[in-house]
Amino acid sequence: MVQNLDAIPSLEGKVSAEEWQLRVDLAAAYRLIAHYGWDEIVFTHLSVRIPGPEHHFLINPFGCLFEEITASSLVKIDLNGDKVDDSPFPVNPAGFTIHSCIHQAREDAQCVMHTHTVEGVAVAAHSEGLLPLSQQSLFPLSSLAYHDYEGIAVREDEKARLVRDLGSANFMILRNHGLLTCASSIADTFLFMFILQKSCEIQVAALAGDRPLTPVPQPIIDKIVSEGNKVTSNQGGKIAWPGLLRKLDRIDPSYRK
């Protein structure tokens with residue numbers, strides 16, 4: 001196991017410009033997950049599919065803290081979980097199971113993010129799941145799926161049920177397990193996770209208040225997507241992503257290595 005990530009040679013100029021940009025953005029997403037406190041030591045995972053017929057994708061170097069991950073340390077693997085390029089790092093089997101089946105089944109799911117936050121797991125344990133208690137919750141509720149807990153996700157046969165349960169949704173709550181988002185870009189997937197996580201935080205806080213709650217009516221939920229597009233000027237996560245990268249560059253720009 002490599003102990004010093006500075007010893008990892010830079011892949012800039014050694015991979016396509018498109019892959020390098022995906023590496024930088026995915027490394028940034030890992031750093032942001034750590035920055036917001038949504039990481040769990042070295043567990044959970046974010047991945048991005050590299051365009052092309054091979055369906056290769058990038059995932060975290062298992063054993064590295066999210067705050068350490070760099071563009072060049074990300075591991076490229078295929079749909080069988082085998083490393084495509086030489087890397088001193090292993091791959092998390094659970095990460096491979098969850099992410100590979102979604103990337104394979106959903107052409108639009110270029111990026112997949114999965115977390116085990118306290119609030120996310122708490123809502124995943126609620127029998128009602130996510131409740132329409134906040135403006136933030138309306139976005140996930142407009143495209144939300146659930147998957148029942150089957151144990152640690154390392155079994156091949158669970159893939160089909162994960163894909164079936166996700167369907168065409170962009171948000172998923174894994175019962176008793178955590179949160180998952182997917183989208184056609186890293187920026188959108190991160191924004192979706194931010195909103196889903198915030199929704200869970202608000203729900204946990206609201207339920208702890210021991211007061212009657214006021215749910216949002218279903219007709220408002222039904223029209224939230226079109227209204228949300230107006231808020232982001234139809235740019236989705238792209239509207240916030242440059243600012244998030246500037247934040248990271250102020251904190252520690254080493255994710256770009």
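Mentor: Start with helix 9, where Arg246 and Arg250 are exposed on one side. Exposed means over 50% relative accessible area, buried under 20%, and partly exposed in between (1.4 Å probe, protein chains only). Helices (H or I, at least four residues) and strands (E, at least two) are DSSP runs, numbered from the N terminus. This is a predicted model: local features need pLDDT of at least 70, side-chain atom pairs count only at pLDDT 80 or more, and totals for chains, interfaces and linings use all residues. Residues are numbered from 1 along each chain as its sequence is written, and side-chain values use heavy atoms, with hydrogens and water left out.

Trainee: Which residues of helix 9 are buried?

Mentor: An α-helix has 3.6 residues a turn, so residues three or four places apart point the same way. In helix 9 (residues 241–251), Trp241, Leu244, Leu245 and Leu248 are buried. They line one face, because they fall within an arc of 100 degrees seen down the helix axis. The arc is taken from the directions from the helix axis to the C-beta atoms.

Trainee: What do the buried residues of helix 9 pack against?

Mentor: Helix 1 and helix 6. Contact means heavy atoms within 4.5 Å.

Trainee: And helix 3: which residues are buried there?

Mentor: Gly120, Val123 and Ala124, in residues 118–125. Their arc is 105 degrees, so they too line one face of helix 3. Their packing partners are strand 6 (171–174), strand 7 (178–183) and helix 6 (186–208).

Trainee: Is Ile41 buried or exposed?

Mentor: Ile41 counts as exposed because its relative accessibility is 57%. Its place is the loop between helix 1 (17–35) and strand 1 (45–49).
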